[in-house]
Amino acid sequence: MIEIETEVEFAASILIGSEDYCSTCVNGLPVTPSSIRLLGRFQKLLTIKHKNLCQYIELIRSQNSVNIVFVVSEHYSKVLSWAELDDNLIIPLIMQLIDSIKYLHSQNVIIGYLSSDNVLITPSKECGLTVKLCQYGLNYITGNGKDVNYLISDAYYLSPERIVKLSPGTHKSPATKKSDIWALGIIMIEFFIKMPLRNLWSLQQYISILHTFCQKPQKKSTSFTSYLLQAVKIAMPSLSIIIDEKIMRIIERCLEILPSMRPTAETIFNDMERFSESYKINQEDEEFENHMKEVTRMLDSQNLEGLKVCRPINELFFLWKLCGSNIEGILKPIEQKFARVIIDEYNVCGKNLENSLRTSYKLIILPSSNLKSRLKKLNIDEIYNINNDQMEGSSKFVEYIGQTLIVKERNIEYQSYRMRLMRDLLLTYPFTLEILKTECKKDIPPVYRGSLWSTLLDVHDDINIDFDQLDTFPEQPSDRQLMVDIPRCHQYEELMTSPAANNQLKRLLKAWLLANPDYVYWQGLDSLAAPFLVHHFNNLPKAFGCLQNFIQRYLKNFFLKDNSHVIQEYLAVFTQLLAFIDSELYCHLNKMDFCAELFAIPWFLTCFAHVLPLHKLFHLWDTLLLTDSSFTLFIGIAILVQMRQQLLNSQFNDAILLFSDLPDLPIDKIVTDSLCYYHSVPPSCSHRIHSSEHLRENATPLTSILLEELRTFHTPRISPTDLINLIDHNRVFILDIRSTTEFNIFSLPNSINIAQNCHDFNSPNFYSTIKPQLSKAASCKQVICIIDSLLSEECKKVSAQLIRFGYNFVCILDDSDSFLREISMKDC
């Protein structure tokens, strides 16, 4: 059999939503624009996938108008006119169309705009000809027409009950599944007469024919079929209409005047299946072979060329946008044809406005010549050949090492390689988990961020079972607070402002609270859940699994009813790390009594989701998910260091204002600095009693002390294991403040003794005796470790003095007495 390649294109519909300007909701927030409501509903269409449906890709809001959206979908440039089909091909194609309608109705998607123009017949390798239904989601997006001021439909396919609901001055006529069945019956008639009804009659004439039939007092049949076919024969006497008797009975049932008498799509499909065996296409048949050759010739003569690259459609559209294509720039001239006058935010005027708007939702094929030319330039063999050498790093992309994430995400060649690589690694998960983690450390492609996050968080498909057992619909004590917080959650993010997102977020949060009865809702939990909802909007169980595992790893016990001990320990360790990394900034904040409680609690309670916009948060969490629970501490330090100069020049009130409205932070720099601190600071310095078990391999615990005592330390403690590691790498200067007698009995190599019985540690004079050694350690960026027999007050005094003198990397050895005794015994 001859094979024909299908060639995909992108097409867009423009929808203008209805607006209620200058209005506010009960909660004081502005009324949600209709375009936002369209965006929220559109998310479900992304889950609609069927072999006979054109896949929806993205809904893009206009930047110049609050109520215009562009609905982008898969389309095909090479299509065959159904009027040119052989009779023996019609029934198999109708079967495909009915199958797609049955699937949509099973997903509770009412088409509303079903016409023969939206039935694309495309060539395919698998079965010769394939039906692709397009424009099936517009009615669903608009809430069955509620959010637009015009009717999205073709009047020739409107059922009688929908026509009756239309009245002068209104275009509201909600569709139903039974009205879709009527439209299917009209399409089947058109397929068999090989002519659209609009070619026979004007709209007024057709409505008159339908009206006459409905008004007949005595009818032999309540089906419109026979009457319509008689009218067709009168209009075209030479037309020969041959329809199988069994097919005719199905059409008659579809065109029943009463909706209750029309069958469901599933019933029609089952009836068709029972007698369609004889109509199945025999692809080895010589007649079919000749017909396909003729199809190929006709399509080639149209000189149309789509995209032949074998990859998911969402990847292709992402690359299309990277080529510099802007949908609003392309379609803006067409927008301006909607009305004679456009003022302000596309408020439209003009007496022919309604007629113009009726055609606004027609598909417009987007130009893809830029993408085609760029894809042809890619060395497919080199990019797609995934082997061990490329896992370690392809030499082709060495130039991108050290580049910012923004640069990487905007390069089509690099993203093409990364998306293909990540897709293949996800397909072979969990066998490629370690390779996948290694690759994620470089960067994460935006298209696969949701899938990669769930993989890194170890969320499996069995999470659906756990989620389905949670009843999120009954009222809970947290509902009142959720009603206040959710509408305000990430309001700058378009999707999160939609009613659909609010409902999904509420279900997600209630599910998490039900699954964790020991936890309560704290403000900020909604912001924490939002990133997972954005990436798994149509898969709440997956979003729930990600939120559950994320909190267990990075925010253990943060959402207890009494979480003060957890928060206070976190802030104490954070403050000590600041003194360790930047003593000058620590001293300045401490001098003006500007404690971490004033600004850092929302940071750590939400892992910065409450203070960073989502696009920056995504990049931050890309790295966070590859580290342990201490990494958020270093993110906080990196943010303070970025604001260092402003803070050093600020007084208390200035600092309060600065943190209330954070400046635009360079997220790449923050991620880089955080990683630097994370790898250079000894792991035990960030130890917390209440941390999760998700710790790095070289993490070592410290002795447990009370929170009150922990807060008396100015610098972090370090474990003996980390100290030995620093000694081995010559990265530490040891200041031993034990008595001379103890020091002479045993001391660590290269340590200096400043005995407390010889010096007053409250006086800065003791500093002069060790200034040369301290200066040398500081110039070499060595850790300054203070040792005493116990965690005495003298240790704290010395560390405080060194910090006031401006020395960084000061710490105190934990459990020094046991450690030194053990070492001395081994040495003996």
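**Arg37 and Asp147**

I began with the salt bridge between Arg37 and Asp147, where the closest N and O atoms are 2.9 Å apart. I took a salt bridge to be a side-chain nitrogen of Lys or Arg within 4 Å of a carboxyl oxygen of Asp or Glu. Arg37 sits in helix H1 (residues 34-45), and Asp147 in the loop between helix H3 (138-141) and helix H4 (160-165); the pair is 110 residues apart and links distant parts of the chain. Helices (H or I, at least four residues) and strands (E, at least two) are DSSP runs, numbered from the N terminus. I noted Asp147 as buried because its relative accessible area is 5%. Buried means under 20% relative accessible area, exposed over 50%, and partly exposed in between (1.4 Å probe, protein chains only).

**Ground rules**

The model is predicted: local features need pLDDT of at least 70, side-chain atom pairs count only at pLDDT 80 or more, and totals for chains, interfaces and linings use all residues. Residues are numbered from 1 along each chain as its sequence is written, and side-chain values use heavy atoms, with hydrogens and water left out.

**The whole chain**

I looked up the secondary structure of the protein chain and found 40 helices and 13 strands. Of the 828 residues, 55% are buried. For contacts (heavy atoms within 4.5 Å), I considered residues at least 6 apart in sequence; 74% of these contacts join residues at least 24 apart. The chain exposes about 37200 Å², with carbon and sulfur atoms supplying 51% of it. Accessible areas come from the Shrake-Rupley method with a 1.4 Å probe, and for residues only the protein chains shown count as cover.

In one part of the chain, Lys408, Arg418, Glu439, Lys442 and Asp443 are linked in a network of salt bridges.

I then checked Glu597 and Arg711, whose side chains meet in a salt bridge (3.7 Å, N to O). Glu597 lies in the loop between H27 and H28 and Arg711 in the loop between helix H34 (707-710) and strand S9 (717-718), so the pair ties together parts 114 residues apart in sequence. Glu597 counts as partly exposed because its relative accessibility is 28%. Arg711 is also partly exposed, at 49%.

**Around Arg423**

Arg423 belongs to helix H18 (residues 412-427). Is Arg423 buried or exposed? Arg423 counts as buried because its relative accessibility is 15%. Leaving aside neighbours within four places in sequence, I list Arg311, Pro312, Glu315 and Tyr448 as its contacts. Tyr448 is 25 residues from Arg423 along the chain, and their C-alpha atoms are separated by 7.6 Å.

Two of those contacts, Glu315 and Arg311, form a salt bridge with each other (2.5 Å, N to O). Glu315 is buried at 0% relative accessibility, and Arg311 is buried at 9%.

**Surface patches**

Patches are made of residues with over 30% relative accessible area and no salt bridge; like charges are joined within 9 Å, and nonpolar side chains (Val, Leu, Ile, Met, Phe, Trp, Tyr) within 5 Å. Leu598, Phe652 and Ile656 make a nonpolar surface patch of about 220 Å². I placed Leu598 in the loop between helix H27 (583-591) and helix H28 (601-605). Leu598 counts as partly exposed, at 42% relative accessibility.
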